[in-house]
Structure formats: structure tokens, C-alpha cells
Amino acid sequence: MKNDNYALISASDKTGLIDFVSGLRPYGYKFIATSGGADLLRTSHIAVEEVSELTEFPEILGGRVKTLHPLLHGGILHRRDHESDMAQVLEHNIPQIDMVIVNLYPFISVIEKNADFKTANENIDIGGPSMLRAAAKNFEHVIVLCDYHDYPMILKELRDNNGIISYQTRLELAQKAFSFSAWYDSAISNYLFQTIQNNKQAEQAKLPEQSGTQKILFPEYTNIAGLKHGDLRYGENSHQHAAIFQSSERYGICHAEQLNGIQMSYNNYIDADCALSTISAFDNPACALVKHANPCGVAESFASDQVWRRALNCDPQSAFGGIAAFNRTVGKELAEQIQEIFLEVLIAPNFTEEALAILKKKPKLRILNTPPFRKKPDRLQVRSVSGGFLVQTEDAEELNPADITVVTKREPSEQELADLIFSWQVVKYVKSNAIVIARDKATVGIGAGQMSRVDSARIAIQKASHFQGASEAVAASDAFIPFPDTVEILAEAGITAIIQTGGAKRDDEVIEIADKYNMAMMFTNMRHFSH
């Protein structure tokens, strides 16, 4: 058996590799590497044995098979305290591999660039995860490294402990390796699932007699994995622990760039996600103000400098200390207006230098640069429950105007129709039971999260009374209106048109009340519950 202690290197990302390997040399390590790593080490005059030289078998199949060999896996997996294991490695001249330095093919970055399926498939690593898992399993004897950020920590511990890495550190690195491998496999699994759904939708599109959305059939096993973006000070309350993890799909609030302010909190992320989702529903310039995971003011306009004031007017009291999101660049004039109120978080796809200079005068204001994104019907949402978790597709179906039915004697005017569509887009993001009152594509009153819809209506009307009232406004209900009393309350407040799901047992009575007050009412046959 080769008596030297080896470090096996197969690193797709070679960041910091030369410095790390150079730091290992005083501790007696010799190096085995795949061809790319061996070439890099040789350029730095570091002695290295190539994997194919050790195994006496070339890399084959275009590099698909390099490290899947018993000499390597035997060198990683043998137990130094088992006589039979040691006898076998001696018999077969297997090297003793005491460290495995492996990171994987860049599958995630490849799919982020919208590579074709063949390219994505070729970037699925096979040998790398095998080595990581083998080393992690045998962590008592082998140090496993899958993250170049850990290189300095290992060198420091070697220096501080006379060349020894502690059991605790080995265990932590093993856990990290298994987690990293699971995260990587999860990204592949999710990508393949998405590809399957895309193929089904493409096939459905070829069949003109088919209509509606292709039903998502969830796989037998599902994977939820993430890369820790950071620990949070606490969760919803100070006695709860929390962290934020990024998925392999790099979009949305988890991947925002923070330009200013103190650390984001758990509640900040919840509210910011609601705000970002809300403004992403609009093509025209829009602003959303959110407090406690509910919009408290939303406006859409053809002029981006108008949306802030119109959104704020809905409920300035609730907006205080809330989250503001825009789907257009924030400039100097808008920044000066925003400065008038205390906000926790400000979100936009871009900020001018002049705007940032003004906004950064508030050092605690968290400024997030993140582009809006469109929700997708096949994107998955996950919520934990005791003993497991629930998975559903996002509420991302666009309302087809052809599916809207006018059920009253009077049809909505052109302005009412525009406001009804606007309010329907907003009500999706308000917690159920939800009522949104809007006028001129701006909310004037929002009632959220009540156990009865009539109470939500009363709250929305009360909120509207703080500004210009509900007169000549429209209302949206996130689900069907079960009793005529809600319609009567809205009508008496001055509401002229309502958009709702329809389908209640008392629809006839509800429509009758709407006709009594000469209101226009539309059914969408779509529900927007948000719990």
C-alpha cells in the first residue's frame, strides 16, 4: 500500500485552491487530482499524481468517468481501525486518502443561463457526489471539503492543533457535504420535474380541443433544499430562531441585493415578499405598500412619479413602518417623497445615484434592489405542517376577460371595468377573507383576514372613509359573496360595481340586491384565497 497520506482533488470551481493546497504541504499531504486540477497544480510547481496515472485507466466517455474506481473509493472508505479493511488495502495497493476536496459541475449556474436540456444534462455530476458521500460517511478518518470558504478554517485548525482536525470539525464538514449533495440533487430533480411539466404543456398545446391548465402531477418523492443565505436575529418573535435559505431558482426576494440598512428580519422578508409579488402583477408603473403581510395601499399609473402618493393615500397610518415596493426605477423626486415617511424596507428594480444619496441618509432603511418577477402556475409553494409539509402550485393564473361574466342588469362602464380588473389583481395578495375597494386604479380601502366577509367589507369601507370615501369606487372579493348583506353594505357606502368569484348558494339573492342598487357585478369563476 502507498503509505503517504493523500488529498484527492476534483474541483470544478478552483477558487482558492492553489493557496489551500500550498498550505497543506507542510503537513505531509501528497496530492491526487483529476486532469483539470492536476494541470493547475503543475502550473504552480506543486507535485501531483493524476487520477488516471494512479488507476492506470484513462478518463473516458468525454470525462464522464474519471473517479469511479475502487482504488479511489477504497482509499476513501477504508476504516483505519479495522484490521480486515487495512489488510485489503494493503493487498490491493490502495492509497490512503485522508482528505477529499470536491465541488461539483456547475449545474445550477448552467440552467440559470437557460441552457438547452442536453447541456444541462451533461453538467450533472456523478463522480463528485459519490466521492463527497463516501468521504462524509467515513468522516472519522477522512476530511471532506465541498466549499472553498472552509479552506482558511481548515488551515487555521491544522496550525493551531499540530496538524490535527478535530472530530467535531470533521462531523460538521460531513453534515455539510451531505447537505450540499442533497441541495445539488434537489436542483436536478426540480429541473427535471419542470422539464416534464413543460413537455406536457407543449403536448397539450398541440391539441386544440384541450382547454384550461395542464394539471400538475406531483412526483412520488419531492425535495426541498436550500443554500443558507444567512442567520437572522430571530424569527417572528424574539424567542424563535431563524435563518433564510436560497433555492436553486435565483429569483425573488431571497436573491435581492441589499444596498443599505440594517439586517433584514424574518418579518421583513415575509412582508417584502408580499410587496414584491404584488407589484410584479402589473405591467404599468405600480407601487405596493405592505404591513403585516397584507397590502395596505396599491396604485398603478402610466406615470411612475404618481404611484407613491396614490398608494400612500389609501392608509398612511398602516403604511408607517411598512414595506414599499416599486416596479420601476426610483429616482430623485420619488426618493424625496419617500423620505417623508418611516419605512422598514424599500424595494425597486433600480435606484439612481441621486435617489440613493437621499435615501441613505436614513442608515437603518433597508434598500433592496431586485427585479420584479412573474409568478408561474407551475412554480411550487411549500408550507410546513406538523409531521410534514404541503405543496401547491402558485396562484398565478391570469384572469381571461373572456371568462368574466356580467350577472347584473347593468354592465360596468369602461372606467369601472379597468378598476375592477385592477382590484382583482390586488385582492389576490390580501389575506382571506378579503375585500379591496379601488378607484382610478388605486386602492382606497382594504379589509383583510377576517372570519366573515361582511366584516372585511366594513373594515374596507372604514379605511376608505379616512381618505375620499368609497363613493363611485368598485370592490373586489377574493371568493364568492355568500350573503346579500355584504353587497348591501358596499352599495350603501357608494360602491358602484363588484367583481367576485360567484358560485354561492344565494347568488340569486346577491345579484338581486346588486340590481336593486343599480350596481354592476361580474363573476370570475376563480377564487383567490390566501391564508
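# A tour of salt bridges, strands and surface patches

Start by selecting R309 and E340, which form a salt bridge with their closest N and O atoms 3.1 Å apart. This is a predicted model, and every stop below is a place to look at in it. The R309–E340 pair links distant parts of the chain, 31 residues apart: R309 sits in helix α12 (residues 307-312), and E340 sits in the loop between α14 (332-338) and β12 (343-348). R309 is partly exposed, because its relative accessible area is 31%. E340 has 57% relative accessibility, so E340 counts as exposed.

Next, select R366 and E344. Their side chains form another salt bridge, in which the closest N and O atoms are 2.6 Å apart. R366 belongs to strand β13 (residues 366-369) and E344 to strand β12, so this pair ties together parts that are 22 residues apart in sequence. Is R366 buried or exposed? R366 has a relative accessibility of 3%, so R366 counts as buried.

How many salt bridges does the structure hold? The number is 17. One to select now joins the side chains of R80 and D98, at 2.8 Å from N to O. R80 lies in the loop between α4 (70-77) and α5 (83-91), while D98 lies in strand β4 (residues 96-103), so the pair ties together parts 18 residues apart in sequence. Both R80 and D98 are buried.

Stay with buried residues and select helix α8 (residues 127-137). Of its 11 residues, 8 are buried, so helix α8 is largely enclosed by the rest of the structure. Which residues of α8 are buried? They are G127, G128, P129, M131, L132, A134, A135 and A136.

Move on to strands β6 (residues 227-232) and β7. These two strands pair in the antiparallel sense over 5 bridges. To find one point of contact, select G230 and its bridge partner in β7, I244. Then colour strand β7 (residues 242-246) by face: A242, I244 and Q246 are on the covered face, while A243 and F245 are on the uncovered one.

Zoom in on β16, which pairs with strand β21 (residues 520-523) in the antiparallel sense over 2 bridges. Here V406 stands opposite M522 in β21. As a general point, strands of a sheet pair through backbone hydrogen bonds, either parallel or antiparallel.

The last stops are on the surface. Select I224, V382 and F389, which make a nonpolar surface patch of about 270 Å². I224 is found in the loop between α10 (167-205) and β6. I224 counts as exposed because its relative accessible area is 51%, and exposed means over 50%.

Finally, select D305, E333, E336 and E354. What kind of charge does this surface patch carry? These residues gather in a patch of negative charge. One of them, E354, lies in helix α15 (residues 353-359).

How values were computed. Residues are numbered from 1 along each chain as its sequence is written. This is a predicted model: local features need pLDDT of at least 70, side-chain atom pairs count only at pLDDT 80 or more; totals for chains, interfaces and linings use all residues. Side-chain values use heavy atoms; hydrogens and water are left out. Patches are made of residues with over 30% relative accessible area and no salt bridge: like charges are joined within 9 Å, nonpolar side chains (Val, Leu, Ile, Met, Phe, Trp, Tyr) within 5 Å. Accessible areas come from the Shrake-Rupley method with a 1.4 Å probe; for residues, only the protein chains shown count as cover. A salt bridge is a side-chain nitrogen of Lys or Arg within 4 Å of a carboxyl oxygen of Asp or Glu. Lys and Arg count as positive and Asp and Glu as negative; His and the chain ends are not counted. The place of a charge is taken as NZ of Lys, CZ of Arg, CG of Asp or CD of Glu. Helices (H or I, at least four residues) and strands (E, at least two) are DSSP runs, numbered from the N terminus. Buried means under 20% relative accessible area, exposed over 50%, partly exposed in between (1.4 Å probe, protein chains only). Two strands pair if DSSP finds at least two bridges between them.
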